[in-house]
Amino acid sequence: MTQLYGKPLVTQEAMRSRIKELGKDITHDYHSQDLVMVGVLKGAFAFYADLVRAIRLPVTVDFMIVKSQANQRKVSGKVKVVTDLTEEVTGRDVLLVEDIVDSGLTVQYLTKLLSKRKPRSLRTCTLLSKPARRQIDVNVEYIGFEIPNHYVVGYGLDYQQQYRNLPYLAVLDPKGMDAE
């Protein structure tokens, strides 16, 4: 495996601290509510697990696996649900947990899909927001970090299904990509 990443863009320590803050905010906002946390896999798995542990409420966990028909250079706007929820969300408070919101297309698709199921409330939380790539204005209530327009790997985010296991976020080195 060629080393395609460099110094951390967001360190492990910074992520721990910010996720703890997000957990406190979500705990406060959802006090006494029936919270269903929907993790969007695969990219959000590390963030999702840490976020769930930072929330001091009983929560129901569920997951969706989605694929957006895109690569790092072009976004097609097509989203496919590979694995749907197993929990009923009608009348419940739903928090959609994403790894990164860049174009906004996946979040828009998922919020429309989940809204049709008539949840009591539906909000979005993301580890990373990349506003420079935003094609659609989407509402994201909880944001871990706003980052510049770089391709990042680590902490669940991948390049060709690799580098998800890095304990921090790093900018992918484009010079290393040319060698593959």
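**Helix packing and nonpolar cores**

Leaving aside residues up to four places away in sequence, Leu 128 touches Asp 99, Ile 100, Val 101, Phe 145, Ile 147, Val 152, Leu 157 and Leu 169, where contact means heavy atoms within 4.5 Å. The model is predicted, with local features needing pLDDT of at least 70 and side-chain atom pairs counting only at pLDDT 80 or more, while totals for chains, interfaces and linings use all residues. Residues are numbered from 1 along each chain as its sequence is written, and side-chain values use heavy atoms, leaving out hydrogens and water.

**Nonpolar cores**

- Leu 128 also belongs to the largest nonpolar core, which has 35 residues, and it is among the members that touch the most others, together with Met 15, Ile 26, Phe 47, Leu 51 and Leu 95.
- Such a core is a set of buried Ala, Val, Leu, Ile, Met, Phe, Trp, Tyr and Cys residues joined through side-chain atoms within 4.5 Å, buried meaning under 20% relative accessible area (1.4 Å probe, protein chains only).
- The largest share of this core, 5 residues, comes from H2, a helix being a DSSP run (H or I) of at least four residues, numbered from the N terminus.
- A second, separate core of 12 residues includes Val 40, Met 64, Val 94 and Leu 110.

**Packing of H1 and H2**

- Helix H1 (residues 12-29) packs against helix H2 (residues 45-54) at an angle of about 55 degrees, their axes lying 8 Å apart, with axes fitted as lines to C-alpha atoms over the stretch in contact and angles running from 0 to 180 degrees between N-to-C directions.
- The contact involves residues including Ile 19, Leu 22 and Ile 26 of H1, and Phe 47 and Leu 51 of H2.

Key:
Helices (H or I, at least four residues) and strands (E, at least two) are DSSP runs, numbered from the N terminus. Buried means under 20% relative accessible area, exposed over 50%, partly exposed in between (1.4 Å probe, protein chains only).
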